[in-house]
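Hello,

Here is the structure I promised to hand over. Please open it first, then read my notes below.

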Amino acid sequence: MSVWVFADSLGSRLAIARKYLRLSQGTVAAFLGTTRQTVAEWELNRNTPRVDHLIGLVNLLRHTPDELMGLEPWSGPTRARKRDVENA
């Protein structure tokens, strides 16, 4: 069952997916090789991730680039995706 989530920006979708997976901004930053402050700027829509960081976010958060950028409908994170990340 999908739960529809209202997320009107890339930053809000990143924050929702990260928090659902119980990942800190520091953990995401370490995975991507960047800083916690950079991740915070993305989530606040003050900056956008570079392509290489977007690819890492797609792999970590288990969403397509189109879902994260709002080009496809996004139903929010799912338990299956959470399990995938925990087992990665």
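Let me start with one residue. Leaving aside neighbours within four places in sequence, His53 touches Leu32, Thr34 and Trp42. His53 sits in helix α4, which covers residues 51–61. Is His53 buried or exposed? Its relative accessibility is 6%, so His53 counts as buried, the cut-off being under 20%.

Keep in mind that this is a predicted model.

Now the overall layout. The chain has six helices and zero strands. Read from the N terminus, the order is α-α-α-α-α-α. Of the 88 residues, 42% are buried. The accessible surface is about 5,500 Å², and carbon and sulfur atoms hold 53% of that surface. Among contacts with a separation of 6 or more, 56% join residues 24 or more positions apart.

Next, the charged pairs. How many salt bridges are there? The count is two.

One of them joins Arg18 and Glu43, with the closest N and O atoms 2.6 Å apart. Arg18 belongs to helix α1 (residues 10–20) and Glu43 to helix α3 (residues 36–43), so this pair ties together parts that are 25 residues apart in sequence. Both Arg18 and Glu43 are buried.

Arg50 and Asp52 also form a salt bridge, at 2.7 Å from N to O. Asp52 has 42% relative accessibility, so Asp52 counts as partly exposed.

When you look at the model, I would begin with His53 and its contacts Leu32, Thr34 and Trp42. Then turn to the salt bridge between Arg18 and Glu43.

Best wishes

How values were computed: Residues are numbered from 1 along each chain as its sequence is written. This is a predicted model: local features need pLDDT of at least 70, side-chain atom pairs count only at pLDDT 80 or more; totals for chains, interfaces and linings use all residues. Side-chain values use heavy atoms; hydrogens and water are left out. Helices (H or I, at least four residues) and strands (E, at least two) are DSSP runs, numbered from the N terminus. Buried means under 20% relative accessible area, exposed over 50%, partly exposed in between (1.4 Å probe, protein chains only). Contact means heavy atoms within 4.5 Å. Accessible areas come from the Shrake-Rupley method with a 1.4 Å probe; for residues, only the protein chains shown count as cover. A salt bridge is a side-chain nitrogen of Lys or Arg within 4 Å of a carboxyl oxygen of Asp or Glu.
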